[in-house]
Structure formats: structure tokens, C-alpha cells
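Please work through the exercises below with the sequence and the structure at hand, and try each task before you read its solution.

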Amino acid sequence: MSIIHKIREFREEEENLKWRGTFREYLELVRENPHIAQTAHSRVYNMIKDAGVIERDSHKMYKFFGKDIFGLEEALEKLIEEYFHSAARRLDVRKRILLLMGPVSGGKSTIVTMLKRGLEQYSRTDAGAVYAIEGCPMHEDPLHLIPPHLRDEFKHEYGIKIEGHLSPLNVMRLEKEFDNRIENVMIERIFFSEDKRVGIGTFSPSDPKSQDIADLTGSIDFSTIAQYGSESDPRAYRFDGELNKANRGMMEFQEMLKCDEKFLWHLLSLTQEGNFKAGRFALISADELIVAHTNEAEYKSFISNKKNEALHSRIIVMKVPYNLKVSEEERIYEKMIKDSDMGHVHIAPHALRTAAVFSILTRLKEPKKQTIDLIKKLKLYDGEEIEGFKEQDIDELKKEFHDEGMNGIDPRYVINRISSAIIRKEVHSINALDVLRSLKDGLDQHASISKEDKERYMDFISVARKQYDDAAKREVQKAFVYSYEESAKTLMDNYLDNVEAYCNKNKLMDPLTGEEMSPDEKLMRSIEEQIGISENAKRAFREEILIRISAYARKGKKFNYNSHERLKEAIQKKLFADLKDVVKITTSTKTPDESQLKKVNEVIARLIDEHGYNSVSANDLLRYVGSLLNR
């Protein structure tokens, strides 16, 4: 009964939200809450802002998009600040069609859908309340009833600027139904709904030969001409085009650049002057956000056509590139899988990350600096600390190319290949190798990939495989050590004690005998050799670590296992080197003895309990790492 109860609650809430009153009563509402008279652009901006803004490193992150858009914080910040914020302040940018340009499956349609669904919800709140002239098919702004000669006085008294003129239909209704008594015109609260065609419209062009401009601007109702006597009587006109119905909210113009020219010309007047031509009437005022989306190839084709020059200045283009962060790409896949019927399938740890590494590599441009390769760039973009690189270096990398992220493998392709991998395996469990194999097989079927790109992508699959190999070995290494973090910390503390004594030319105290002893050179070198520190370079490396420890201490921070990337790598490799023979023997023995079998079972249990594997993927991982170590 809970769902029935919730339906009843929703119905009661709908009734409570409704409001109906005269224009006189509406003006009292406006006096108390001037924001209810905000423009369409202002409403969209406030909707986004009211959801919450997080400021981090001089950048803004908008919670409104947080649940469905990943890795596009910079593109969204530019869109909101340069377009919506400016448009909300009635700056000239609001007189432009918003065109989202980016590659397929990059998030353009998702952004538009979120804006539409968001407006539907926002119009049900006090902050987003919308009022219209009752019975108007265009949900006209009640303030249009204020005569032009009184608008300056109204602005002085209420602080609200009125734009637009009363529509032909409401001019006639005012005269015939209300005897020109504006204060008696009935006003109602409306709620945006794409399904009910209230404040939200979607126009999708079809065959240019058959599509009628009426789809945009409405049409004459010929069945009523005999009743009203003239085609110019507004009562004989159906104000049911998408531009009519989207008034006060937003209209999505799908495939706008593929549309016939006669449809686009109507947008010229609407964007620049806030009105459009329909039937045999004067220009009809409309307040709405028009948003379209396209890819780069279509846009270049559009601007190369001289006939479209008049529209160029009426369009503001906002790029929506692919995400370039591995961790955010993982979130995209997780969401797409959650929304699909694949939720019952066990996807082993690192499988989605490995696919994400491959995808991001296809989207990145080769750095111009020789000191950095694609993998380092990928890690820097994802927020990882790389020795010798600062935040400033990341900013410089991003400025090297204006079109980075506009090409590459799209998320939908990856999900399709993961689906293929699941179907191929009878067991409902897939790992990183299954995903990479499926990605590789699918490249032959990807029609839009050139021969040169395919060769590059095959190389990227190998790079992603290498990254996975390293991660798989570390995972098994951690599982073999009962308390990995503790072991790593103990080894690091021991190394740091010896380094400090070595650099300061001091002795160490034996914890058992209390006798003084020299720094353990053998221990220090066994760790340093793991990352290629030569005999000649060891002193500089050790002194650099001491300087780092001092810098942390001055800032009141504690130097720990994660504070020095290269030292962390050396500690990990040393731990693994010490364990290598044990892991190799244990994982590759076909007939393990009792102690080996016990160890394998302990490791599998730890992989399942602490690392997110199931029994199938844990066994697959152990066999694979064993084969890597035996090569």
C-alpha cells in the first residue's frame, strides 16, 4: 500500500501548490516576492545555483549536475558563468541560441535533459514558482497586461523591468471577457511539464519536404473560421507550436543545424528581439531559452555555408568535450551499468578502471614537452601527484590544445563492449582482461575509426594492459601480506631512520642490545635500487627526502607513506620483491601442499573480504599474477 499512499500524497501536494487569483492579487504576490517575475534565463540560472555550489581551487562545481555529469566541471563552469549567469542579468548573451557542441555520447543531451527535468521540479518550489494568465495556451507572463506607458512607473515602484507585449489572443480576451479591466484578469500558477507541453518544448526536424513551420509557431484552425469569420482572428489560431508551448521555460532544438533554413529564420527574431511571427498577427513575444546540440563536423559545415552568416552571430557555442579524468570515466561506466540490466554481473576491481585508462588515452593529445608522456599526463589530469610536477604544469598542459577531448572512444562504445564480454562468458563475472579483449575485438567493427587511429588504439590497449598488470601484482602483494599498510609503514620508518643517520653522519641504536651501529647501507640500497637510484645518486636522493620531511614539518604536516611518490613506489617494489618467490610458488603450483593451499585460501578470502572480488575473479587474479611472475 505504500506506493498508493505516496500517490495520494503527491495528489494532495499538487492541490496545495495550486494558486488562482486576480491580477490585483497577483501584484501583491509580486510585491512580496519579486523573484516570481524572473525571466526564463534567470530561472534556469537560479535553479542551478540553488542546488548548491562548491568552490575548490578557484573553480566552481555545481551540485545540480553532480549526479549525472562526470568530469566536465570546467566545461559546465564556463557554460553557467559565461552564458546562464550573464543571461540571467539580462546581458546581450541571452539574445543568443545556446549551442552545445561536442562528440557523440559526450553528455550534451544529458545536460539538456537535466535542465528540462530540473525546471519541472523547480517550478514546484517557492523559489521557482511560475504564474501565467489563466487559459492562455502560451502561459503568458501576467505582467504583459501592464500598458507600455505605465511600465517605467511600474519599474520604479516594483523594481521589475517588463519586456514583451500582450499576445493577440489575450488582447482580445482582455476586451471581450474582462471589459478591459486588467485588475480582474485571472492568473494561475503553472507547473512546467514536457509531457503536458507546459513551458518545455522539444522540436525535432523531420523530412524538409513534409515538415510544416506550424510545428514551431502554431497554425490556423480552419474548422473555426466559419465561427469567427476571419483567419486573422486569434481565436481561430492554434497557438500549439513548440515555440508557443515552450514560452516561459526552454525549448530543445534537436539537430538544429540539419534543419531547413525557413525554420531557422524564425529564431533570428526570437533571439534578438524576443518575439516571432505567427499567422496574420503582429510579432508575438516569447521569453524562453533555446538550446541546441551538435557535433564539431556538423558545426564546421554550418559555418562554412555563407547563407548562414546571419545566424552565426545569434549563436553562442559552448564546447562539451569528453571527460579526461580516469576516475570520473569509471563513474560514468558505473552509472551506465547501474541503469542497465547488467547490475547482477560481478565486475572485478580494476576492470572498469582499465577500460577508462584506454578510453582517456584515446582522447588525450600527445604532450609537447618531452619530459612528460601520455601516462603521466593521464595521471596528472586525474589528480595524482607525480614527482617534479606542480598544479601550474597541469594548467599549461590543458592550454596546449584547444580541442583536447573532442575526439576519441566514447563511453557508449565501452559499455557495448562490456556487454559483449558478459554475453560471451557463461559465468556472470568479468575482469579487466575480458574487457580489454572485448575492446580490442570491437575495433574492427567500429566504422568511424581510421586505420591510423586503430593502430594507435591497439597500442593504447597494450598500455592499459601494462597498467593493469602493475595494479594486479600490487593487489596480490597486499593480499599476501596480512597487514600490508603496517608492513609498508614499518619498512619506510626503518629506511627513514637509516637515511637520517646517514645524512647527519650519526649512529643508530640497536633496539635489542642498546649498542651503537652504523646505518644499514644494504637495507637502504635494496629499497633505492627498486626505482633505479644509482650508487652515485643515492646521497642526493636521501638528502632530497630529508628536505621533504623538513618541509612537511614546517607546515605542521606529518610525512607518511603516501608523501613521496617515488619512495612509495620503492617500498612497494621492495615488499613485493621479498614476497615474489612465495607468491610465484604459491600461485603457480599445480599440486599445492597443505601449507600452500592454506595460504592460497587465506589470500582468496582476503581478496573477497577486503578488495571487492568474488571467488571466480579472485582465482582468476591469482592465476594471472602467477603467470606474470613466471614469465
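## Exercise 1: An open sheet

Strand E10 (residues 250-253) and E7 pair in the parallel sense, and four bridges join them. Please keep in mind throughout that this is a predicted model.

Task: Find out in which order the strands of the open sheet are arranged, and which strands stand at the edges.

Solution. From one strand to the next, the twist averages 20 degrees.

## Exercise 2: Strand E13 in the sheet

Task: Determine which residues are the bridge partners of phenylalanine 253 and leucine 100 in E13, and how many residues of strand E13 (residues 289-294) are buried.

Solution. Take E10 first: it pairs with E13 in the parallel sense over four bridges, and the partner of phenylalanine 253 is alanine 292. Next take E4, which also pairs with E13 in the parallel sense over four bridges, and here leucine 100 has histidine 293 as its bridge partner. For the last step, recall that in a regular strand the side chains alternate between the two faces of the sheet. In E13, Leu289, Val291 and His293 lie on one side and Ile290, Ala292 and Thr294 on the other, and all are buried, so that both faces are covered. The count is therefore six of six residues buried, as residues with under 20% relative accessible area are called buried.

## Exercise 3: Helix H16 and glutamate 404

Task: Describe which helices the buried residues of H16 pack against, and say with which side chains glutamate 404 makes polar contacts.

Solution. Start with helix H16 (residues 374-381), which is mostly covered, with six of its eight residues buried. These are Leu374, Ile375, Lys377, Leu378, Leu380 and Tyr381, and the buried residues of H16 pack against helix H14 (326-338), helix H15 (351-363), H17 and H20. At the start of the helix, a side-chain oxygen of aspartate 373 comes to within 3.3 Å of the backbone nitrogen of isoleucine 375, while after the helix comes glycine 383, whose phi is positive, near 90 degrees.

Now turn to glutamate 404, which is placed in the loop between helix H17 (391-399) and helix H18 (411-424). Its relative accessibility is 9%, and therefore glutamate 404 counts as buried. Its side chain makes a polar contact of 2.5 Å with the side chain of lysine 377, and another polar contact, of 2.8 Å, joins it to the side chain of tyrosine 381. Beyond its neighbours within four places in sequence, the residues in contact with glutamate 404 include Pro321, Leu324, Arg363 and Leu397.

## Exercise 4: A pair of aromatic rings

Task: Decide whether the rings of tyrosine 468 and tyrosine 624 are stacked or edge-to-face.

Solution. A pair of aromatic rings is described by the distance of the centres and the angle of the planes. With rings counted as a pair if their centres lie within 6.5 Å, the count comes to 14 aromatic pairs. The centres of the rings of tyrosine 468 and tyrosine 624 are 5.9 Å apart and their planes stand at 20 degrees, so this pair is stacked. Tyrosine 468 belongs to helix H20 (residues 451-480) and tyrosine 624 to helix H26 (residues 615-629), so the pair ties together parts that are 156 residues apart in sequence. Tyrosine 468 is buried at 5% relative accessibility, and tyrosine 624 is buried with a relative accessible area of 9%.

## Exercise 5: Positive phi

Task: State whether lysine 505 is buried or exposed, and where it is found.

Solution. Most residues other than glycine have a negative phi. Lysine 505, however, has a positive phi, near 55 degrees, and is found in the loop between helix H21 (484-503) and strand E17 (508-509). Its relative accessible area is 71%, so lysine 505 is exposed.

Definitions and conventions. Residues numbered from 1 in each chain as written. Predicted model: local features only at pLDDT ≥ 70, side-chain atom pairs only at ≥ 80, totals over all residues. Heavy atoms only, no water. Helix = DSSP H or I, 4+ residues; strand = E, 2+ residues; numbered from the N terminus. Buried < 20%, exposed > 50% of the residue type's maximum accessible area, 1.4 Å probe, protein only. Polar contact = N/O pair within 3.5 Å; in protein donor to acceptor, adjacent residues only side chain to side chain. Contact = heavy atoms within 4.5 Å. Pairing = 2+ DSSP bridges. Axes fitted to C-alpha atoms, helices over the stretch in contact; angles between N-to-C directions. Phe/Tyr/Trp six-rings, centres within 6.5 Å; stacked < 30°, edge-to-face > 60°.
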